[in-house]
Amino acid sequence: MAMRSQIYEWTNLAPAGTGSTLTRAITDDTVAMTLAQQVSVFTGGVGYNITKPAETTATQFVVIEDIACSPDDTTNQGGDVQIRINTTDYFQNPDVTQMSGVSGTASPYPRGISDGTNNLLKSFDLYPDVYVLPGQVWDVLYTANTALTASTTADCVAAFIKYTLYDGPDALIANKLLELGITVNPANVDWYKRTLIEQQAGGF
Amino acid sequence: MAMRSQIYQYLATADSTSQASIFVGGDGNNITKPAETTATQFVVIEQVASTPSTPITLTSTGMGAYTQVRINTTDYFLNPDNRPNYGVPGTASPYPRSVQFQPSFNLYPDVYVLPGQVWDVLIVVTGRTGTAGRPEAFVKYTLYDGPDALIANKLLELGISVSPANVDWYKRSLISAQSAPPAPAQD
C-alpha cells in the first residue's frame with residue numbers, strides 16, 4: 001500500500017462545550033465561529049481535529065488533489081479554504097496579498113448541495129495538484145464567511161480534502177518525477193517503475 | 001469468467017453508530033463468512049460509497065455514513081496523524097448518487113486484495129438517526145480468478161495498474177510473443 005488515496009472531512013461539530021473533538025459522535029453540536037475566523041481543519045481547536053499537524057516524513061510525499069467546503073449563499077453558511085505549506089499560503093491575490101482561498105461556492109461540499117435555487121457543481125478544479133515534499137508541514141485553513149452560532153443546526157459547516165499519500169519507494173519515485181518535471185500521479189509512478197524494470201531486464 | 005465485475009450492496013436494518021462490517025457485522029444483509037481471496041484470486045476494489053448527508057442534516061434528523069476498507073487488520077484510510085478514521089464520507093462518495101449528492105471522491109489508485117488476504121468494508125452511521133431511514137453502502141470490485149489472477153500478480157510486479165484492459169493487453173502480448181515466426185537460422 002505504497003500509494004494510497006486518502007480523504008479528510010472536517011466539520012465544526014464537537015461535544016457541547018468542548019470546542020473540538022478527536023472522535024465523531026452523533027450527539028456532537030455545532031461549535032461557534034466568528035465572522036472571518038480562520039482555523040486549521042486539522043488542529044484549529046474547532047470541530048473535528050487530529051492529534052498533531054499534518055506533516056510528511058522523510059519517506060512520504062503528499063499530493064493534494066481536491067479541496068472543497070460548504071458554500072456561502074442564502075441557504076448555507078459557508079466559507080473559504082486555503083492550503084498552507086510550511087508558512088506559505090497557496091492561494092493569493094494578483095497583487096500578492098493574502099486571501100482566504102477557494103470559496104465553497106466555487107468548490108462546494110457536498111457537490112450538488114442546493115443553494116435554494118440550484119444544485120451547486122464545482123467551478124474550480126485543483127489542477128495542477130499541490131505537492132507536499134518530504135519533511136514539510138501542511139495545513140488546510142477554513143475561513144468562516146458568516147458568524148456561526150453554537151448548537152445551531154443551520155450553522156454546521158464542513159470542509160473536504162482529497163489527497164494521495166506516496167510512501168517508501170513510491171515517495172522516492174515521486175521525488176524523481178518532480179526532478180524530471182513530470183506530474184506526480186499514480187500512473188506516472190507506475191510508468192517510472194516499469195521503466196526501471198525494463199532497464200534492468202535489458203541489462204541482462 | 002476469469003475477470004468479473006462484482007458489486008455488494010448493503011442495507012442496514014437497525015441504527016448503529018459503531019463501526020461494523022457490511023459483510024459479517026450481524027446487521028442488515030450479511031454473507032456467510034468474511035470476504036477473502038483464495039490462492040488463485042485477486043480482487044481490485046474500485047469504488048466504495050454510502051448514504052450521504054449535508055452538514056446541516058448531520059445535526060438534525062438526518063443520517064450519514066462512512067465506509068472504511070480493511071485489508072487483513074489494516075485500515076486503508078488514515079488521518080494525517082496516522083490514526084484510522086471512519087473512512088470515506090457518504091457525502092463525498094454518495095450512494096445512491098443524485099443531483100443533490102454527486103461524488104467528490106474517486107477511489108484511485110484502486111485497492112488491491114492479494115491472494116490469501118481477508119478484506120472487509122466497515123460502515124459507521126452518523127447523524128441523529130431513528131426516523132431518517134436506513135443507511136446503505138455500496139462496493140464495486142473486480143474479481144480476477146485463475147490465470148487472470150496470475151496475470152494480475154504479474155502486472156503488479158511490473159508496476160502496471162491491474163485493470164481488465166491491462167490484463168487483456170498482457171494476454172495479447174503473450175500470444176503475440178508465442179505466435180511470432182521463429183528467427184531465421186544463422187549460417
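**Exercise 1.** Leaving aside its neighbours within four places in sequence, with which residues is A:Ile64 in contact?

*Solution.* The model is a predicted one, and a pair counts as a contact when the C-beta atoms, placed from the backbone, lie within 7 Å. Once the neighbours within four places in sequence are set aside, the partners of A:Ile64 are A:Ile83, A:Leu126, A:Asp129, A:Val130, A:Val132, A:Ile161 and A:Tyr163. As background, nonpolar side chains tend to be buried together in soluble globular proteins.

**Exercise 2.** Describe the side of chain B that touches chain A, beginning with the residues in contact and ending with their classes.

*Solution.* Begin with the contacts, in which 37 residues of chain B meet 40 residues of chain A. Then turn to the elements: helix H1 (55-58) and strand S7 (88-89) of chain B each supply at least two residues of this side, and H1(B) gives the most, with three residues.

**Exercise 3.** Characterise the fold of chain B from its elements, burial and contact separations.

*Solution.* Chain B contains three helices and 10 strands, and from the N terminus on their order is β-β-β-β-α-β-β-β-β-β-β-α-α. Of the 187 residues in chain B, 41% are buried. Among the contacts in chain B with a separation of 6 or more, 68% join residues 24 or more positions apart.

How values were computed. Residues are numbered from 1 along each chain as its sequence is written. Chains are lettered from A and ligands numbered from 1 in the order in which they are written. This is a predicted model: local features need pLDDT of at least 70, side-chain atom pairs count only at pLDDT 80 or more; totals for chains, interfaces and linings use all residues. Two residues are in contact if their C-beta atoms, placed from the backbone, lie within 7 Å. Helices (H or I, at least four residues) and strands (E, at least two) are DSSP runs, numbered from the N terminus. Ala, Val, Leu, Ile, Met, Phe, Trp, Tyr, Cys and Pro count as nonpolar, Asp, Glu, Lys and Arg as charged, and the others, Gly among them, as polar. A residue is buried if 20 or more other C-beta atoms lie within 10 Å of its own, exposed if 12 or fewer, and partly exposed in between; C-beta atoms are placed from the backbone.
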